[in-house]
Amino acid sequence: MTRILHRRIEPALPVAVSGEGVFIRDSNGKDYLDASGGASVSCLGHRHPVILTAMRRQMDELEYAHTAFFTNDAAEALADDLVAHAPPGIGHVYLVSGGSEAIETALKLARQYFVEKGEPQRTQFVSRKQSFHGNTLGALSLAGNPRRRDAFEPMLFRSHLIDPCYAYRHQLDDEPDEAYGARAAQALEGKLIELGPETVIAFVAETVVGATAGAVTAAPGYFRAIREICDRYGVLLILDEVMSGMGRTGSLHACEQEGVVPDLLTAAKGLGGGYQPIGAVLMVDKIYDAFLDGSGSFRHGHTYIGHPIGCAAALAVQKVIREEHLLDNVVEQGERLRRQLTQRCSGGGNIGDIRGRGLFQAIEIVADRSTKKPFPVEARMAQRIHQAAMDRGLCVYPGSGTADGQVGDHILIAPPFIVEGGNIEAIVERLGDAIEVALDCNKAGPILAEQ
Ligand SMILES: Cc1ncc(COP(=O)(O)O)c(C=O)c1O
């Protein structure tokens, strides 16, 4: 009996009672290897003593002070730290309580920026198919994820969707990587010209696509071409690194590996590592300066922004990552994970693609590897694999709609940055078994590949 409206009403969920390192224990004493950090959240694993101490210390000093009346040391220290390690040109941050709030904030910052600058005719956003930016109405309006949008479609504003840069499905057979990157970026220019570039506020994209398509990295040169197109038309570039940022791909910000600096950069999940709900929007100086030289105030705010305990936790998380050189481990274990996944899984006729960067890897599952044909929605293949993995004491993050927003399945693997070689072996073994079991169940059942 539960009084909570859970994400799914059935089946009942296990009860998480404790955590330690990369493991979560349920109320039956079963341990789960947390191979996705929830949804790419728990970058330091569970119950890290340094973070708990930092939170306790902050609780003993100040638990909350409204940001309309006060600033606080924890928030100022976190902002200083984020700016000190940000890409060049980023000088300020806006602190929020999660990923969707970060995106809502970025959209409103971008819009008010143009109002401050005397370009109020800029009202439109461009985003990408197979994307996810959060479940609040503004963030959902950007999403190229019909299954998450369907019920709410009449309430969403219109964002103009272009194709993602998704080599596995969109790169032509004989097309070099760079040529594909340039072609995919050209879709943005085409869309801007169609809309009238002077009416567009910003282009919004996940630097590495997470929940909807599964660790899809852009082709070489794609984001540099995107940056140039945005600059050519005076359109802002918003990169959503809620899932892929804060070290997950092996550099603090995923955009560092693309050689671009966005105008607005969102962060959340790995920022606080799950110790507190927190997010941030990092902004380049021209955005801050437009507010400074203009109205002097951003018409926005939430009750819990800059929350002292959230900020203290996030600062402690970021310091531990640096002091323990954990990004080196992200790169090393990420390569090990990819190697072992390839060895264990790539022989099967249903493994379409294994991809990703750092400790942000995914497997795309298909009904037929030679044609890349996905399983039908009703097969619920990603969910089946997820359940089979949970049965084996492994948490991975399932996603569907991978191929075109509607059909397609992937499994995202995003373990904590403290993961060790033995953990990687266990992840790959259990996941390999779970995939085989889910595929066997599908063969036994009446569900066939989509025609
Ligand atoms: C890229 C991206 N942006 C935004 C969000 C929304 O974050 P939250 O669930 O913290 O609101 C998510 C959540 O998965 C995400 O993956």
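Predicted model: local features only at pLDDT ≥ 70, side-chain atom pairs only at ≥ 80, totals over all residues.
The crossing in which H8 passes H9 is right-handed. On the H8 side the contact is formed by Gly-181, Ala-184, Ala-185, Gln-186, Leu-188, Glu-189, Leu-192 and Ile-193, and on the H9 side by Tyr-222, Ala-225, Ile-226, Ile-229, Cys-230, Arg-232 and Tyr-233. When the residues of this contact between H8 and H9 are sorted by class, 11 are nonpolar, two are polar and two are charged.

By class, the contact of H4 with H11 comprises five nonpolar residues, one polar residue and two charged residues.

Lys-286, which is located in helix H11, can also be considered individually. Its relative accessibility is 41%, and Lys-286 therefore counts as partly exposed. Between Lys-286 and Tyr-180, which are 106 residues apart in sequence, the C-alpha to C-alpha separation in space is 32 Å.

The loop between H11 and helix H12 (308-323) contains Tyr-304. Once its neighbours within four places in sequence are left aside, Tyr-304 is in contact with Tyr-64 and Ser-97. The C-alpha atoms of Tyr-304 and Ile-278 are separated by 9.3 Å, although these two residues are 26 residues apart along the chain.

Two loop residues with side-chain polar contacts were examined next. Glu-258 is situated in the loop between strand S8 (236-240) and strand S9 (264-267), and its relative accessible area is 7%, so that Glu-258 is classed as buried. The side chain of Glu-258 is joined to that of Arg-357 by a polar contact of 3.0 Å. Apart from residues up to four places away in sequence, the residues touched by Glu-258 are Thr-207, Phe-223, Arg-224 and Arg-357.

His-46 occupies the loop between helix H1 (37-40) and helix H2 (49-61). With a relative accessible area of 18%, His-46 is likewise buried, because the class requires a value under 20%. Its side chain and that of Asp-34 are joined by a polar contact of 2.8 Å.

The backbone geometry was considered last. Most residues other than glycine have a negative phi, and most peptide bonds are trans. Against this background, the peptide bond that joins Glu-10 and Pro-11 is cis, with omega about -10°, and Pro-11 itself lies in the segment before strand S1 (16-20). Positive phi values in residues other than glycine are found at His-325, where phi is near 50°, and at Lys-372, where phi is near 65°. His-325 is placed in the loop between H12 and helix H13 (326-345), and its relative accessibility of 54% means that His-325 counts as exposed. Lys-372 belongs to the loop between strand S12 (360-365) and helix H14 (381-391), and with a relative accessible area of 30% Lys-372 is partly exposed.

Conventions
Residues numbered from 1 in each chain as written. Heavy atoms only, no water. Left-handed = near helix turned anticlockwise from the far one by under 90°. Helix = DSSP H or I, 4+ residues; strand = E, 2+ residues; numbered from the N terminus. Contact = heavy atoms within 4.5 Å. Nonpolar A, V, L, I, M, F, W, Y, C, P; charged D, E, K, R; others polar. Buried < 20%, exposed > 50% of the residue type's maximum accessible area, 1.4 Å probe, protein only. Polar contact = N/O pair within 3.5 Å; in protein donor to acceptor, adjacent residues only side chain to side chain.
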